[in-house]
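Hi,

Here is the structure I promised to pass on.

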Amino acid sequence: MKKAFDFVIVGGGTAGCVLANRLSENPIINVLLIEAGGNDNSPWIHFPIGFAKMTSGPFTWGLKTVPQKYALNREISYTQAKVIGGGSSVNAEVFTRGNPADYDRWAHEEGCVGWSFEDVKPYFVRSEGNCVYSGDWHGTNGPLGVSNIHSPMPITWSFVKACQENGIPYNPDFNGPIQEGAGPYQLTVLNNRRCSAAKGYLKPVMDRQNLTVLTKTQVLRILFDKNRAVGVEYRKGGNVERALAQSEVLITSGAINTPKLLMLSGIGPASHLKQHNIEVVQDLPGVGENLNDHFGVDIVAELNGPYSLDHYDGPWGMFKAGLQYLLFNSGPVTSNIVEGGCFWYSDQSSPVPDLQFHFLAGAGKEEGVPSIPSGSGITLNSYTLRPKSRGTVRLVSDNPGDNPLVDPNYLCHPYDQETSGKGVMISTEIFNQPSLQKYIKKIHYPNDEVKTHEDFVNYARQYGRTSYHPTCTCKMGTDEMSVVDPQLKVYGIDGLRICDSSIMPSLIGSNTNAPTVMIAEKASDMIRMNY
């Protein structure tokens with residue numbers, strides 16, 4: 001393999017796949033993409049329903065948080081993908097962008113000039129290949145395939161009707177001019193198969209002669225010549241090798257592994273690096289700070305009949321569902337389980353929705369979610385869209401093989417406690433509406449003893465978990481805690497950019513996969529313009 005490239009991309013997740021595609025469009029630019037995980041060969045990745053198998057296991061890093069002080073000192077499983085395509089290969093395929101106000105906040109309040117909604121909207125549209133919607137708010141020719149759920153379970157439509165009975169209007173498109181309301185989610189699914197960034201962006205261009213992809217390859221550190229990044233050192237198998245970047249090193253390893261790599265390479269809080277005997281290349285106190293994640297809280301109910309996807313859990317049910325999918329490309333396997341949702345308010349005076357809900361046509365499908373004793377069940381997850389709690393990512397040691405210390409610091413802020421409690425309360429109200437009540441035998445979580453607002457907050461402390469949206473640990477901005485400028489260049493270091501969800505200055509109000517694609521799309525234009 002050649003040892004010198006124009007660009008070395010570290011991390012073959014969502015953003016890395018986008019950059020690899022866009023930068024290698026120019027045949028004179030040589031690109032190397034390095035991914036620590038393996039290929040996405042498992043059928044569970046490509047079947048929409050396989051999401052339930054992805055929240056733990058071999059395609060993740062096996063992370064847990066440190067004990068969460070405000071969540072009963074629990075160590076919470078913290079799913080982060082370790083496979084080509086990253087989070088887009090293991091997530092629930094829900095396609096949401098956030099609210100335009102989120103990006104306007106970045107631009108006008110958080111020092112990120114050029115990142116308002118009007119600035120980033122063209123990149124959302126450029127990336128999107130929507131099979132249903134078109135017009136000013138949607139793209140139809142982008143690499144990221146987006147479609148409606150093939151055949152939502154009838155119980156999902158009952159959820160949507162129950163939301164309306166609770167005062168939440170129907171909304172068929174959460175990515176249009178109006179975000180609030182309830183309805184089935186659109187998915188990053190094309191022809192009833194997952195359309196990850198690996199599938200949509202990387203696989204179609206793998207035959208380009210100027211693109212090299214390494215999987216099962218762990219980057220150990222960034223290489224420097226004085227204050228310029230000039231390449232990376234990596235381990236593949238038992239060999240340690242180097243790859244040089246003649247133009248730039250681009251870090252796309254996500255909100256956990258990007259700050260980890262920077263700190264291992266000598267970029268980060270000087271005092272922390274010195275604790276681990278790491279030579280300080282650039283003292284940047286914001287690296288690993290500002291961790292911001294959605295703290296999801298699930299309620300779970302048992303149904304009085306086989307009305308959810310749990311009906312297909314047994315060997316015979318799985319066989320029938322699999323056969324239907326193979327023969328007719330239809331049936332339960334086309335479901336992502338997280339079929340419906342809504343955006344709504346804990347506080348009606350809020351200018352935009354401050355809560356998001358995910359309805360799962362099944363019970364106990366994800367890591368850390370309680371299940372029911374037997375039969376069919378349903379789950380409703382809620383989270384505070386713009387939590388004020390902030391956490392950290394810190395090194396355990398100077399050994400690249402050690403997972404970092406992840407502390408989201410969930411519920412440390414009173415606002416998050418208040419809003420999370422209201423989210424659980426609204427979830428139970430929805431389950432108690434007529435359109436769902438006729439199917440519900442019993443709500444197991446929370447039980448009947450959870451009645452007051454304080455009870456709902458305590459329930460959130462006991463059962464809340466990650467919603468897989470870590471962000472902001474290398475935030476973009478202009479203050480002293482910023483790590484990158486609005487061009488995504490690392491302060492004090494030439495030839496180094498960060499182009500993933502870690503650069504968000506604050507968490508956006510929705511799932512984070514589509515915004516990560518947008519960040520990488522915009523980054524590719526900025527990089528090509530400089531090149």
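A pocket here is an open set of points on a 1 Å grid over the protein atoms alone, with protein on both sides within 12 Å along at least five of seven lines. Lining residues have an atom within 4 Å of a point. Grid points are joined across faces, edges and corners, and a volume is the space filled by probe spheres set on the points.

First, the ground rules. This is a predicted model, in which local features need pLDDT of at least 70 and side-chain atom pairs count only at pLDDT 80 or more, while totals for chains, interfaces and linings use all residues. Residues are numbered from 1 along each chain as its sequence is written, and side-chain values use heavy atoms, with hydrogens and water left out.

The largest pocket holds about 440 Å³ of space. Its lining has 18 residues, and Trp44, Ile49, Lys53, Tyr312 and Met318 are the closest to the centre. Two elements give two or more residues each: helix H2 (43-46) and helix H10 (315-328). Helices (H or I, at least four residues) and strands (E, at least two) are DSSP runs, numbered from the N terminus. H10 gives the most, with five residues. By class, this lining has 14 nonpolar, one polar and three charged residues. Nonpolar covers Ala, Val, Leu, Ile, Met, Phe, Trp, Tyr, Cys and Pro; charged covers Asp, Glu, Lys and Arg; the others, Gly among them, are polar.

The second largest pocket has a volume of about 300 Å³. Of its 17 lining residues, Ser350, Pro351, Val352, Arg386 and Tyr415 are the closest to the centre. Helix H4 (100-109) and helix H11 (414-431) each give two or more. The lining of the second largest pocket divides into five nonpolar, three polar and nine charged residues.

**Lys365**

Lys365 sits in the loop between strand S19 (355-360) and strand S20 (377-384). Is Lys365 buried or exposed? Lys365 counts as buried because its relative accessibility is 15%, and buried means under 20% relative accessible area (1.4 Å probe, protein chains only). Its side chain makes a polar contact with the side chain of Asp313 at 3.0 Å. Such a contact is a pair of N or O atoms within 3.5 Å, where one must be able to donate a hydrogen and the other to accept it.

**Sheet**

Three strands form an open, mixed sheet in the order S5-S6-S8. Two strands pair if DSSP finds at least two bridges between them. S5 and S6 (residues 144-148) pair in the parallel sense over three bridges.

Best wishes

Terms used: Buried means under 20% relative accessible area, exposed over 50%, partly exposed in between (1.4 Å probe, protein chains only). On a 1 Å grid over the protein atoms alone, a cavity is a set of points where a 1.4 Å probe fits but cannot get out, and a pocket is an open set with protein on both sides within 12 Å along at least five of seven lines; lining residues have an atom within 4 Å of a point.
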